[in-house]
Amino acid sequence: MTVNRRNFIKGAAGGGAALATAAVVSVPSPAQARPNKEMSPNAVGLLFDSTLCVGCKACVAGCKEANGLPVDVNTSDALWDTPLDIGPKTYNVIKLYADGTADHKDQERDGFAFIKKSCMHCVDPSCVSVCPVSAMTKDAKTGIVGYNPDICIGCRYCVASCPFGVPQSEFDTPVPKIKKCEMCRHRQAEGKIPACAEVCPTGATIFGPLTAINEEIARRRAMKAGEANVFERRTIGSGDTHERPAAQYIDHVYGETEVGGTQFRHMAGVSFEKLGYPNLREKSFASESEGIQHTLYKGLIAPAVVLGGLVWAAKRASHIDDEHPEE
Amino acid sequence: MASIHNEHEPLGGSILSKTTLICGILAFIAVVLLAKRMILGLGAVTNLNNGYPWGIWIVYDVVIGTAFACGGYAMAILTYILNKGEYHPLVRPALLASCFGYTLGGISIVFDLGRWWNAWHILVPAYMQTNSVMFEVALCVMAYILVLWIEFAPAILTRFHLTHLRKKLDKVLFVFIGLGVLLPSMHQSSLGTLLVVMGYQIHELWQTPILPLLFLMSAITMGFSIVVFEALLGASGFQRSVKHEIPQLGKLAGIIRMMMIAYLVIRFGDLAVRGHLGAIFSSGIKSVMFVLEIALFATPIVLFSSAQKRASKKFLWIGACCLLLAGALYRLDAFLVAYQTGPGWSYFPSVQELLVTIGIIAAEILLYIVFVRKFPVFYTHKLTPAELAAAHTK
């Protein structure tokens, strides 16, 4: 193949221009990342108050019953449901923080505290952002993060991306599903509340609209440690109350700002870092990744322009082939 | 119109050899294990867990495997977009390796999907989730596999003497060549973007918003390196003279060198801007992996530093191997070593999992050998009759 110098330079320049365009449009600008998503005004959520939790695990059992989940056996005698963490058989667990002599509840040193782990129902969830086929969705009204196995292809990007490690895949079956808390949306459809809140004897887990949960958090923040206060069970406004002295809360309410906020909020007497909660920034990870994607592929304009340049350059190269046949 | 019949020729010779037999056996073992996975589930064959939901079937077969298969892409940029016709002889062998690399990568994704029978949902408009990097990767890879086979089709059409069809295809081939550059640019960069959403779960030596740029640059360089690697390996494996190709391979080495200098400047510049240079020394095993990776990336810069060195088969071979290892390690590190999923989780591939990956590589080698012997893939050059004869009898 011979290519004369003029054509070569012209072609190389054209191709170079096409590549340069590609390079320019493919360098993402962080400034163009989208902001965090906003909470729906009708969002519902849960509040877990570690200081009220007595570690009875009624919520774990209640959840399993409501969601038809099997026991998760981890002891040699295999007598009890003993989940060590959330998993494909367990949507929520109660864990224990203990330090030193573990004598005092809700105290960081020589104390203990209970922790609840389940789906945080993020306002701007990574799992929904990454799902290639819309199997993981966020309800526009309630904000519940739900899963549809009939659409899911099982790529497990949701499992890999969740900053809380919540969605769990099954590996021991040829027909695996992703398993996670969906805030008992099947019960909510029947006018009921999530099972974990329904069965909690101390109101450590309560359910309600986020607006009411925020008011309740403000009320508890204003409480004086040791003074008697009224706490509700099941839902905010249930009227089912008990009285007990308020604990010393730490100022941080987990889920207010983490990754753009979550609809499951946690209050505690011990720092969340000690309790094993991940320390997360305010900007959602979904907004960063989508920002890059949208910068590059918005309306497919940039790829179309680049393709035009590439096809033009390739056409040019094939013309040169025609003009200068093989020797 | 160019004479299109004599440019490339099948190498001929027997398909049956020790190499092809071993490759065949390894590929068969993989097929048996994949059947087991289909019947019993992923857990029966792999060590995947909910802390490490992606293992080597994703990281090697797809993320690394498709980067190894970037030869066709890199050569298309050079030959057709930058219009450097001198590289023409290297295009078709590179394209063939890309065809198999991508096709088998695509097939292995299906076996990794938990609910593979729903895989077609990617193409259903109502389900498409355009915010998802995975969606873009899936669509681009599927489209590119198709484009690769269309780009390679002239070899198959020539083999079966479908000259009429071949001439028709030649008229529109430039459109597919354009797509064949756009699509890998999109998904090779997006393979890096896949990790951005994982945020703090990816160690700071690897997590950066410029992951797409770093993945794209390393993929193109790996593409050039695999062309050098395959040309030299093919030369020794098929006892084929490579002397006509050495000048072009040397120029590729020069390009690899410049791209690696740029890559390392950007990589370290990014670490400096993000204030994580200190992490290079304070991250335990991750520091070791990072340094090893950078050393491998930097080796070709030294090895390819003069035209004389770039004309040496030995230097070309070692440099290309280092870069391929570097690119592979970069991807392995970013996806698995740097992935910190929380306490209590660990992952190392099971023997069965490894055997599937090995079987897929074996299948690629086997198919490559069959194709270069039966289809016009290698450029004839001005091979002496003796050299050609030698190649044919091998």
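Biologist: Are α7(B) and α8(B) roughly parallel or roughly antiparallel to each other?

Modeller: In this predicted model, the axes of α7(B) and helix α8 (residues 246-273) of chain B come within 10 Å and cross at roughly 155°. Here helices (H or I, at least four residues) and strands (E, at least two) are DSSP runs, numbered from the N terminus, while axes are lines fitted to C-alpha atoms, for helices over the stretch in contact, with angles from 0 to 180 degrees between N-to-C directions. Angles under 35 degrees count as roughly parallel, over 145 as roughly antiparallel, 65 to 115 as roughly perpendicular and the rest as oblique. So α7(B) and α8(B) are roughly antiparallel.

Biologist: Happy to follow! Which numbering and pLDDT limits apply?

Modeller: Residues are numbered from 1 along each chain as its sequence is written, and chains are lettered from A and ligands numbered from 1 in the order in which they are written. As this is a predicted model, totals for chains, interfaces and linings use all residues, but local features need pLDDT of at least 70 and side-chain atom pairs count only at pLDDT 80 or more.

Biologist: Back to the helices: how many residues of the contact of α7(B) with α8(B) are nonpolar?

Modeller: Two residues are in contact if their C-beta atoms, placed from the backbone, lie within 7 Å. Those involved include Phe224(B) of α7(B) and Tyr263(B) of α8(B). Ala, Val, Leu, Ile, Met, Phe, Trp, Tyr, Cys and Pro count as nonpolar, Asp, Glu, Lys and Arg as charged, and the others, Gly among them, as polar. Besides three polar residues and one charged, the nonpolar count is 18.

Biologist: Which element gives the most to the side of chain B that touches chain A?

Modeller: The contact between the chains takes 65 residues from chain A and 62 from chain B. Elements giving two or more residues on the chain B side include α1 (18-40), α5 (133-159) and α6 (163-193). With twelve residues, the most comes from α6(B).

Biologist: Nice. Which strands are at the edge of the open sheet in chain A?

Modeller: Three strands form that sheet in the order β9-β1-β12, with mixed pairing; two strands pair if DSSP finds at least two bridges between them. Strand β1 (residues 44-49) runs parallel to β12(A), joined by four bridges. Each edge strand pairs on one side only, and these are β9 (205-209) and β12 (264-267).

Biologist: What angle does helix α7 of chain A make with β1(A)?

Modeller: Helix α7 (residues 210-221) of chain A packs on the sheet and touches β1, β9 and β12. Its direction and that of β1(A) make an angle of about 25°.

Biologist: And Glu215(A): buried, exposed or partly exposed?

Modeller: Glu215(A) lies in helix α7 of chain A. A residue is buried if 20 or more other C-beta atoms, placed from the backbone, lie within 10 Å of its own, exposed if 12 or fewer, and partly exposed in between. With 13 C-beta neighbours inside 10 Å, Glu215(A) is therefore partly exposed.

Biologist: Last one: what is phi of Cys184(A)?

Modeller: Most residues other than glycine have a negative phi, and most peptide bonds are trans. Cys184(A) is in the loop between β8 (178-179) and α5 (185-188) of chain A, and counts as buried because 23 other C-beta atoms lie within 10 Å. Although Cys184(A) is not a glycine, its phi is positive, about 45°.
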